[in-house]
Amino acid sequence: MSLIEVETAQPVLALTFDDGPDPERTPRVLDMLAEAGARATFFVIGQKVLRHADLARRIVAEGHEIGNHSFSHPYLVTQGDDAVLREVDLAQRAVFDVVGHQPVIFRAPHGRFTPHQKAMLHANRALPTIGWNVDPKDWRYPGETLIAERMIAGAAPGAILLAHDVNDQMLGALPETLAGILAQGLEFRTISALLGWPRWQDRQPLSLPEPALAASA
């Protein structure tokens, strides 16, 4: 299973953040989301979760969803099935060891993942691959104004917006982005909520792989 948007008549959409948690920027993102009353999904890197465990726990405590974004952020599209599963499994274990729950969704690093890999991952780990249909290209640093304009213009029911909570320009654009989208009458939901699933903490995928990951990894 894979998707880049959700078909819905409800005025809801998903804001997603990749590549964190970041000890300097993610707390600021969380503060802005809280002020706006918005929920988001954070596709985290397993290594960073282990380094910034308190921040990962804060993400969960404030009502957001955590998704799997691999353990070390490699180009998985060039790797075989065993290597892909190892990256996913290590990230699952890292998140579980820190917050007590496994992610139920996956996003490939750099968005690069073949149809075979998507099907293989879902068949072996019951994890759907989540893409996006709104990309403000904040990773190219086009400027805060343009990032906000692109996010607001792309906002629509069922949209999945890509952002990075490791990007200073995205942080600068976020207040205008949130205000502009809320002004359209749209509500920010987690990916699981957008799909109509139970809370991600209550909908667990397959058994965790072993062995457990050392916290020093």
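The radius of gyration used here is taken over C-alpha atoms, and the globule rule is 2.2 Å times the number of residues to the power 0.38. With 217 residues, the chain would have a radius of gyration near 17 Å as a compact globule, and its value of 16 Å agrees. The structure is a predicted model, in which local features need pLDDT of at least 70 and side-chain atom pairs count only at pLDDT 80 or more, while totals for chains, interfaces and linings use all residues. Residues are numbered from 1 along each chain as its sequence is written, and side-chain values use heavy atoms, with hydrogens and water left out.

Along its principal axes, the C-alpha trace spans about 45 × 35 × 35 Å. The chain holds eight helices and seven strands, where helices (H or I, at least four residues) and strands (E, at least two) are DSSP runs numbered from the N terminus. Taking contact to mean heavy atoms within 4.5 Å, residues 24 or more positions apart supply 80% of the contacts with a separation of 6 or more.

Buried means under 20% relative accessible area, exposed over 50%, and partly exposed in between (1.4 Å probe, protein chains only); 52% of the 217 residues count as buried.

In soluble globular proteins, nonpolar side chains tend to be buried together. A nonpolar core is defined here as a set of buried Ala, Val, Leu, Ile, Met, Phe, Trp, Tyr and Cys residues joined through side-chain atoms within 4.5 Å. The largest such core has 55 residues, of which Leu15, Phe17, Leu33, Phe42 and Ile66 touch the most other members. Beyond residues up to four places away in sequence, the contacts of Ile66 include Phe42, Val44, Ala56, Val95 and Trp200. A second, separate core of ten residues includes Phe106, Ala108, Phe113 and Met120.

Asp18 belongs to strand β2 (residues 12-18) and is buried, with a relative accessible area of 3%. Leaving out residues up to four places away in sequence, Asp18 touches Phe43, His69, Arg107, Leu162, Ala163, His164, Asp165 and Val166. Ser192 sits in helix α8 (residues 191-194) and is likewise buried, at 1% relative accessible area. Apart from neighbours within four places in sequence, Ser192 contacts Glu65, Val104, Trp197, Pro198 and Trp200. From C-alpha to C-alpha, Ser192 lies 23 Å from Lys48, and the two are 144 residues apart in sequence.

Some loop residues have backbone features worth checking on screen. Gly20 and Pro21 are joined by a cis peptide bond, with omega about 0°, and Pro21 falls in the loop between β2 and α1 (26-36). Ser70 has a positive phi, near 85°, in a residue other than glycine. Ser70 occupies the loop between β4 (65-68) and α4 (81-99) and is buried, with a relative accessible area of 0%. Tyr141 also is not a glycine and has a positive phi of about 55°; this residue is in the loop between β5 (129-130) and α6 (144-154). At 47% relative accessibility, Tyr141 counts as partly exposed.
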